[in-house]
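The following note sets out numbered points on the model under review. Please read them alongside the coordinates.

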Amino acid sequence: MENKTKADLLLLHAGQLVTVAGDSAGPKRGAEMAQLGVIQDGAVAVKEGTIVYVGTTREVLEQVETHPGTRVVDAGGKVVLPGLVDPHTHLVFAGSREHELELKLQGMGYLDILKAGGGILSTVRATRAAGKAELIKTAGKYLDQMLSQGTTTAEVKSGYGLTLEDEVKTLEVIRELNRSHPIDLVPTFLGAHAVPEEYKGNPEGYVDLVVEAMLPAVVREGLAEFCDVFCEEGVFSVEQSRRILLAAKERGLKPKIHADEIVSLGGGELAAEVGAVSADHLMAVSDQGIEQMAQQGTIAVLLPATTFCLMGKQYAPARKMIERGVPVALASDFNPGSSPVNSLQVVMGIACRQLKMTPAEVITAVTINAAHAIGRAAEVGSIEAGKKADLVVFDALTYRYLPYRFGTNLVEMVIKNGQVVVE
Ligand code: IZC
Ligand code: ZN
């Protein structure tokens with residue numbers, strides 16, 4: 001008799017098993033973004049951390065055997081999604097910036113606060129002063145919060161060090177957390193996050209430092225996969241951003257860009273030009289930028305919790321981007337200034353209401369498209385045989401309930417690499 005696969009874990013009776021399966025060679029675009037591949041009374045079989053079978057509960061029970069140690073999880077008719085993927089965070093920082101909320105209420109803008117030496121620069125002072133152990137402890141706490149809210153993979157940027165030593169320290173913290181915490185982390189070097197105080201009046205000198213000293217060291221130590229730049233008025237110009245991203249690409253890092261967040265500078269166009277994997281923010285992106293991103297397949301990573309926290313009037317034109325064929329992903333942008341939000345459930349709720357994305361599009365944007373935005377679509381982002389067994393059970397009967405009722409953590413169980421890590 002043929003030997004059937006013996007599963008280590010069976011998840012049965014998902015009222016809606018939202019697989020988000022499809023052709024994962026590329027991110028979902030246009031109408032594909034609303035195709036979720038929902039299986040009624042769905043089930044998943046897992047062996048050694050990997051998904052081995054997906055189907056209805058009946059099919060899975062027919063195809064797979066158990067052993068005495070098999071854990072059987074009954075999802076009780078609830079919604080199951082792939083582990084959520086957060087493709088844009090600034091997780092590693094010391095201190096916090098709650099005082100900026102009051103400054104914003106008094107009418108001070110994000111860039112005005114930065115110009116006055118606050119904002120990112122105040123977090124840089126605190127992060128430089130912090131040791132690795134402190135940063136690991138604080139970021140670990142934030143990661144626990146994210147995991148309990150369904151995030152199982154996250155991108156993390158450096159960018160609050162802004163010296164060679166402190167950027168390396170931050171990336172080493174990310175590496176250490178990737179080893180010790182269940183959430184998988186994807187490291188991005190963001191040395192060009194702000195011009196530090198000691199380079200005030202000499203931004204070109206700082207760009208030289210990033211290109212000539214930091215990039216080579218980061219690549220030599222294998223500390224990052226992506227390189228990002230905060231391309232913004234009064235921060236880094238399009239020319240400076242281009243120089244940094246091309247130098248990074250030459251050294252084997254994949255480009256990303258903070259583009260057209262506050263002022264329309266041509267960041268979307270630059271992303272397409274340099275072959276960036278994603279352009280992020282895009283509240284002020286031009287039509288030309290959208291066209292070029294669609295042509296190049298640049299993923300738009302939208303951060304509506306940031307627009308909300310900045311009390312912005314202009315949200316990114318998500319509908320236009322989806323209609324023009326730009327693949328859209330969503331992220332928290334978790335950071336101490338413009339988005340102290342690390343729940344993708346909250347991001348999903350805001351995205352439906354302010355970006356006018358549908359619940360189905362929003363789910364695609366925090367799973368498979370988010371995985372593509374950080375080069376992890378072969379491993380995570382959908383529930384398919386061969387991928388990591390990262391699964392989230394929500395206290396909901398339909399996937400539409402998730403963005404509808406946001407603000408309460410609806411996660412009931414999180415499975416990471418086939419292990420129940422939250423219940
Ligand atoms: O600390 O303000 N936008 N970088 C670019 C941020 C926001 C993070 C911060
Ligand atoms: Zn950011």
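Which residues lie nearest the centre of the largest pocket?

1. Largest pocket. L114, K115, V195, G234 and V235 lie nearest the centre of the largest pocket, which has 18 lining residues. A pocket is here an open set of points on a 1 Å grid over the protein atoms alone, with protein on both sides within 12 Å along at least five of seven lines, and a lining residue has an atom within 4 Å of a point. The space in the largest pocket comes to about 420 Å³, a volume being the space filled by probe spheres set on grid points that are joined across faces, edges and corners. Helix α3 (residues 110-115) supplies the largest share of the lining, four residues. Helices are DSSP runs of H or I with at least four residues, strands are runs of E with at least two, and both are numbered from the N terminus.

2. Basis of the model. This is a predicted model, in which local features need pLDDT of at least 70 and side-chain atom pairs count only at pLDDT 80 or more, whereas totals for chains, interfaces and linings use all residues. Residues are numbered from 1 along each chain as its sequence is written, chains are lettered from A and ligands numbered from 1 in the order in which they are written, and side-chain values use heavy atoms, with hydrogens and water left out.

3. By class, the largest pocket is lined by nine nonpolar, four polar and five charged residues. Ala, Val, Leu, Ile, Met, Phe, Trp, Tyr, Cys and Pro count as nonpolar, Asp, Glu, Lys and Arg as charged, and the others, Gly among them, as polar.

4. Second largest pocket. This pocket has a volume of about 290 Å³. Among its 15 lining residues, Y110, I262, M283, L310 and G312 lie nearest the centre. The largest share of this lining, three residues, again comes from α3.

5. Cavities. Two cavities of 30 Å³ or more are present, a cavity being a set of grid points where a 1.4 Å probe fits but cannot get out. The largest has a volume of about 80 Å³; H90, Y110, H193, N335 and S338 are the closest to its centre of the 13 residues that line it. Its lining divides into four nonpolar, six polar and three charged residues. The second largest cavity, of about 30 Å³, has a lining that includes D23, K28, I368 and E384.

6. Nonpolar cores. A nonpolar core is a set of buried Ala, Val, Leu, Ile, Met, Phe, Trp, Tyr and Cys residues joined through side-chain atoms within 4.5 Å. The largest has 124 residues, and L91, L302, M321, L330 and M357 have the most contacts inside it. Helix α7 (residues 203-220) gives the largest share of this core, seven residues. A second, separate core of 16 residues includes L11, A14, I51 and I415.

7. Cysteines. The structure holds zero disulfides, a disulfide being a pair of cysteine sulfur atoms within 2.5 Å. For C231, the nearest cysteine sulfur is that of C227, 13 Å away. C231 counts as buried because its relative accessibility is 1%; buried means under 20% relative accessible area, exposed over 50%, and partly exposed in between, with a 1.4 Å probe and protein chains only.

8. Loop residue G201. G201 is found in the loop between β8 (184-192) and α7. With a relative accessible area of 76%, G201 is exposed.
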